[in-house]
Amino acid sequence: MRIVLLGAPGSGKGTQSQRLVERVGIPQISTGDLLREAVARGTELGRQAKEAMDSGRLVEDSLVLGMIRERLGEPDARRGFILDGFPRNLAQAHALDRLLEALKQPLDAVVQLEVDSRELVRRIAGRRSCADCGRVFNLLTSPPSGAGAVCPKTGAPHRLMQRPDDNEATVAERLRVYDEKTRPLIDFYRARGLLQVIDAEAAVDEVTARLAQALRVPALRAPKRAAGARRGAAKRARKPAKKKAAATAKRTRASRASPKRRSTRTRRAKAPRAGAVRGARRRKSTRR
Ligand code: AMP
């Protein structure tokens with residue numbers, strides 16, 4: 001499955017990509033993450049990208065395209081990928097088209113995560129990521145909790161950091177750049193019949209369910225967990241089943257005791273259709 005996730009900063013592309021990685025098992029390719037890594041490692045690419053990133057502008061196309069070409073050529077991307085934060089303008093979208101055509105790997109879908117701009121600013125203010133494993137959290141909408149509060153890299157609680165470009169001034173510029181350069185991609189992919197728009201202004205789980213439905217990915221399949229956690233989940237899953245069985249038995253007993261309490265569906269199923277009644281009356285009168 002080859003997917004592009006489109007959406008403004010703070011629309012949840014990173015969080016939803018991570019969830020898709022867990023459910024579909026294909027890599028997330030985030031140009032923002034790759035660029036931040038290059039900056040942190042102090043490479044030439046990172047040095048060239050840093051200024052634009054710090055001010056909220058787009059990094060030069062040639063740098064981003066070189067990085068994407070290299071990443072899509074890696075073996076794990078042959079099974080598919082989720083592009084998060086790329087393409088960001090029409091030139092990048094055309095270049096991606098050409099690249100995927102050469103690789104004979106066309107896109108399957110482009111999903112636009114739609115969120116109101118005031119909500120975007122609120123979400124960005126709460127956004128934190130783990131300095132060690134890079135996992136993205138939101139103090140307001142998806143804080144670390146349960147088994148997910150432990151960093152898989154260090155075994156200690158996540159070390160939460162705020163991105164340097166998540167400050168007020170840079171965020172305003174990033175949102176402006178999104179409207180000017182990235183928003184036109186919605187029409188670009190709509191014209192190609194690839195676009196799906198989902199309302200992403202809901203709880204994280206609900207957005208995942210909508211995304212899964214749009215992409216036809218089994219929504220409720222739990223991500224792979226440790227055996228202990230799986231046993232706990234199985235136990236929790238059995239409980240409602242028991243409750244359900246008890247409720248069904250109670251309903252059956254009640255309907256036997258009082259036929260009036262049959263559900264509407266049962267009543268409809270048992271009641272003869274109007275046409276059948278008329279037919280029966282006609283047959284009766286002919287016999288008379
Ligand atoms: P993100 O993590 O996707 O919000 O990206 C953070 C910053 O990295 C952006 O504000 C841009 O400066 C830069 N960046 C990320 N992806 C791209 C891209 N596809 N093209 C140009 N610049 C990008």
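**Entry 1: a helix to begin with.** Which residues are buried in helix α6 (residues 117–126)? I looked them up, keeping in mind that this is a predicted model. The answer is Leu-120, Arg-123 and Ile-124. Next I checked how they sit around the axis: they cover an arc of only 100°, which puts them on the same side of α6. Then I asked myself what covers the buried residues of α6. The cover includes β5, β6 and α7 (168–182).

**Entry 2: the sheet with β5 and β6.** I found an open sheet of three strands, in the order β6-β5-β7, with antiparallel pairing. Here β6 and β7 (160–161) stand at the edges with a single partner strand each, so one side of each has no neighbour in the sheet. I also looked at how strand β5 (residues 127–130) meets β7, and found two bridges in the antiparallel sense. In this pairing, Cys-130 is opposite Leu-160 of β7.

**Entry 3: one residue up close.** I picked Phe-137, which belongs to strand β6 (residues 136–138). Is Phe-137 buried or exposed? I counted 20 other C-beta atoms within 10 Å of Phe-137, and 20 is enough to count as buried, so Phe-137 is buried. Leaving aside neighbours within four places in sequence, I listed the contacts of Phe-137 as Arg-128, Ser-129, Ser-142, Pro-143, Pro-144 and Leu-160. I also noted the spacing to Gly-126, which is 11 residues from Phe-137 in sequence and 8.3 Å away in space, C-alpha to C-alpha.

**Entry 4: the parallel strands.** I moved on to strand β4 (residues 109–114), which runs parallel to β1 and is joined to β1 by four bridges. Leu-6 has Gln-112 in β4 as its bridge partner. I then followed β4 to strand β8 (residues 195–199), where five bridges make a parallel pairing. Val-110 is opposite Leu-195 in β8.

**Entry 5: the core.** Which residues have the most contacts inside the largest nonpolar core? I wrote down Leu-5, Ile-82, Leu-83 and Val-111, in a core of 33 residues. Strand β1 (residues 2–6) gives the most to this core, with four residues. I then listed what Leu-5 touches beyond four places in sequence: Lys-13, Gln-16, Ser-17, Ile-82, Leu-83, Asp-84, Val-111 and Leu-113.

**Entry 6: around the ligand.** How many residues are around the ligand, and which come nearest? I found 17, with Thr-31, Gly-32, Leu-58, Val-59 and Gly-85 nearest. Two elements give two or more residues to this shell, namely α2 (31–41) and α3 (44–55). Helix α2 gives the most, with three residues. By class, I noted eight nonpolar, five polar and four charged residues in the shell.

**Entry 7: stepping back.** Of its 288 residues, 23% count as buried. Among contacts between residues at least 6 apart in sequence, I noted that 68% join residues at least 24 apart.

Notes. Residues are numbered from 1 along each chain as its sequence is written. This is a predicted model: local features need pLDDT of at least 70, side-chain atom pairs count only at pLDDT 80 or more; totals for chains, interfaces and linings use all residues. A nonpolar core is a set of buried Ala, Val, Leu, Ile, Met, Phe, Trp, Tyr and Cys residues joined through C-beta atoms within 7 Å. A residue is buried if 20 or more other C-beta atoms lie within 10 Å of its own, exposed if 12 or fewer, and partly exposed in between; C-beta atoms are placed from the backbone. Two residues are in contact if their C-beta atoms, placed from the backbone, lie within 7 Å. A residue is near a molecule or strand if its C-beta atom, placed from the backbone, lies within 6 Å of it. Ala, Val, Leu, Ile, Met, Phe, Trp, Tyr, Cys and Pro count as nonpolar, Asp, Glu, Lys and Arg as charged, and the others, Gly among them, as polar. Two strands pair if DSSP finds at least two bridges between them. The arc is that of the directions from the helix axis to the C-beta atoms.
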